[in-house]
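Let's take a walk through a protein model together. Have a look at the sequence and the 3D view below, and keep both at hand while you read.

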Amino acid sequence: MGAGHNHGGPPPGGPGTAAAAYRGRLRAALVIAIVLLLAESVGAALTGSLALLADAGHVATDVVGVGMALLAIHVANRPGSERRTFGFARVEILAALLNCVLLLGVGGYILVEALDRLRHPQEVPGGLTVLFGVVGLALNGLSMLLLMKGQRESLNVRGAFLEVAADALGSLAVIIAALVIVVTGWEGADAIASLLIAVLIVPRTVKLAREAIDVLLEAAPRHVDMARVREHILDVPGVEDVHDLHVWTITSGMPVLSAHVVVDREELESAGHDRILHDLRNCLDRHFDVEHCTFQLEPRGHAAYESGLCH
């Protein structure tokens, strides 16, 4: 019996986590969110617009969310230890999940307030509200540009990006509602815009939460076809079977694989462990985005021996 262990990327918990490369952009997005929060809070106080208040509440979660993302990156890139062999990389996923909880809470609050405002409309100065909405849209657009690339590689950055994207749509809704008030005088448009902001928050948040939960439950990454992984391993010369095959994600950009590979005894003796491990590693490198792999090479019948040890 033999074991093989292969690293194809940066060490877990080290500076190679997917979100770490975008730390500077997240800091810039945090500064923009703080400026926007102050601007929209002032705008909501001056105009009485629920839509602006809703957008300001959403921006407040942006500030908390991006702040948590930066904290998570700092903690996640601490080196591993004897007890935490993968370091703190999964803190990024926990931060993304907490972002989801915050977003759903904000969405619920906006929904309740908007329904109340529909029953009891309040006067809103449309012209001033448009001005604050345009400022919000411009600043959110800048933040989206900063985070566009990183959101494809990290759930943590994606959480921040989705918050900013939903907030940009909220700013657009504020502008449209304010224009409706200016043109028609219908105050209910402000409450309708608030409802729209609440609706925009929920679907993206649920999707992000589902992805984060999949990581925490150690589900196979969506981009990895387990049947094809098994098929490619079995195609390696000398390999007779594979069992205990697992692929999961430690954190964004850090998929890992482990497998017990049954090898023909004569092939194992003639080719040696190194060549078979090299072939397995090359096969996965060519066809799958899994950088951290652990293989146990074993002769036929050893699986039954392992099962016996469990009883």
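Which kind of contact do the side chains of Asp190 and Arg117 make when they meet? They form a salt bridge, at 3.6 Å from N to O. By salt bridge we mean a side-chain nitrogen of Lys or Arg within 4 Å of a carboxyl oxygen of Asp or Glu. Side chains of opposite charge can pair when their charged atoms come close.

Before going on, a word about what you're looking at: this is a predicted model, in which local features need pLDDT of at least 70 and side-chain atom pairs count only at pLDDT 80 or more, while totals for chains, interfaces and linings use all residues. Residues are numbered from 1 along each chain as its sequence is written, and side-chain values use heavy atoms, with hydrogens and water left out.

Now back to our pair. Helices (H or I, at least four residues) and strands (E, at least two) are DSSP runs, numbered from the N terminus. Are the two partners buried or exposed? Asp190 is buried, with a relative accessible area of 2%, and Arg117 also counts as buried, at 13%. Here buried means under 20% relative accessible area, exposed means over 50%, and partly exposed is in between (1.4 Å probe, protein chains only).

A search of the whole structure turns up 5 salt bridges, so let's visit two others. Asp116 pairs with Arg119, their closest N and O atoms being 3.6 Å apart. These two are 3 residues apart in helix H3 (residues 91-119), which means about one helical turn separates them. Asp116 is partly exposed at 33% relative accessibility, and Arg119 is exposed at 59%.

The other one joins Arg275 to Asp279, with 3.0 Å between the closest N and O atoms. Both are in helix H8, 4 residues apart, so again there is about one helical turn between them. Arg275 is partly exposed at 31% relative accessibility, and so is Asp279 at 24%.

While you're at helix H8 (residues 265-287), follow it from end to end. H8 has 23 residues, but its end C-alpha atoms are only 27 Å apart, short of the 33 Å that a straight helix would reach at 1.5 Å a residue. (That expected span is 1.5 Å times one less than the number of residues.) Where is the kink in H8 centred? Look at Gly272: the kink there is about 100 degrees, taking the bend at a residue as the angle between axes fitted to the seven residues ending there and the seven starting there. Gly272 is also among the buried residues of H8, which include Leu268 and Ile276.

Next, find helix H1 (residues 23-47) and helix H4 (residues 126-147), which pack at an angle of about 170 degrees with their axes 10 Å apart. Axes are lines fitted to C-alpha atoms, for helices over the stretch in contact, and angles run from 0 to 180 degrees between N-to-C directions. H1 and H4 are therefore roughly antiparallel, a label for angles over 145 degrees. Leu38 lies in helix H1 and is exposed, at 57% relative accessible area.

Finally, step back to the whole protein. There are 9 helices and 4 strands, and 50% of the 311 residues count as buried.

Key
Parallel < 35°, antiparallel > 145°, perpendicular 65-115°, else oblique. Expected span 1.5 Å × (residues − 1).
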